[in-house]
Amino acid sequence: MKIGFIGAGPGAQTIAKHALAVGHQVLLSNSREPESLAPLVAELGPGAAAGTAKEAAQQDLVVLATKWWNVQAALFSLGDWRGRILVDTTNRIASVDPMKLGDISGRTSSEIVADLAPGARVVKAFNTVPMSWISDFSASKRKTAFFVSGDDEDAKKVVSDFIEEIGFYSLDLGSLAVGGRLQQTGGPLIGVDLTFNDRFVLPTID
Ligand SMILES: NC(=O)c1ccc[n+]([C@@H]2O[C@H](COP(=O)([O-])OP(=O)(O)OC[C@H]3O[C@@H](n4cnc5c(N)ncnc54)[C@H](OP(=O)(O)O)[C@@H]3O)[C@@H](O)[C@H]2O)c1
């Protein structure tokens, strides 16, 4: 796959490195000219490229990795997503000092993201753990579990398969309204460190 990133900070970079390690291509973008990402692209090596947010949004899989207060500006003007998958990694932190959560008026933050990205199949993932917990890119890394929530089963499967392909576990929590609430900032699963060793096989629950 070619994976587009809207945002190029630690969140995007960490996921991009895991994707590159298994042979995917990545296209990163930020709020500036793609040239500003040349040093990062050089550091990431073959398979990495920089582009505009609009170009990132055209890729097979798109990862949203901006601060919450930049989400609206980042998604504004990207047009209709025509069913492309948008992985929402954001946490609704409105300010850091003092720590304040963004007002989402009783909805979930990923439902707000979905409103801002018409036509996108939004899947919430990767938001619950600090990237420092998954910064081992070796084959012997700890297998962290990531929660996934979304309203489109096929899109969730694509994201879950990607999570497992890059060496982690994926746990489906249901819809953006239900699972998204559990895994978003302010919910019970934020910062939960679930790791399994290689011999553990997750049971399937029908
Ligand atoms: N870092 C973590 O450990 C972690 C873990 C889980 C979840 N998260 C969540 O993931 C998100 C990203 O975190 P981060 O630490 O990577 O943030 P960050 O270091 O602030 O990086 C944000 C990136 O977004 C870009 N950006 C800002 N406005 C944009 C726009 N309008 N269009 C395109 N790109 C834009 C920034 O580019 P410029 O440099 O040009 O401004 C920057 O590259 C946050 O919502 C955070 O809560 C982070």
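Hi everyone, let's start at Ser175, which is found in the loop between β10 (169-174) and α7 (179-183). Helices here are DSSP runs of H or I with at least four residues, strands are E runs of at least two, and both are numbered from the N terminus. Keep in mind that this is a predicted model: local features need pLDDT of at least 70, side-chain atom pairs count only at pLDDT 80 or more, and totals for chains, interfaces and linings use all residues. Residues are numbered from 1 along each chain as its sequence is written, and side-chain values use heavy atoms, with hydrogens and water left out.

Who are its neighbours? Leaving aside residues up to four places away in sequence, Ser175 touches Ser149, Gly150, Asp151, Lys156 and Gly180; contact means heavy atoms within 4.5 Å. A polar atom of the Ser175 side chain also lies 3.0 Å from the backbone nitrogen of Val178.

Now to the ligand. Of the 24 residues around the ligand, those that come nearest are Ser31, Arg32, Thr66, Lys67 and Met131; a residue counts as near if one of its heavy atoms lies within 4 Å. A polar side-chain atom of Lys67 lies 2.6 Å from a ligand oxygen. For Ala8, a backbone N or O atom lies 2.8 Å from an oxygen atom of the ligand. Thanks, happy to chat!

Conventions:
A polar contact is a pair of N or O atoms within 3.5 Å; within protein, one must be able to donate a hydrogen and the other to accept it, and residues adjacent in sequence count only if both atoms are side-chain atoms.
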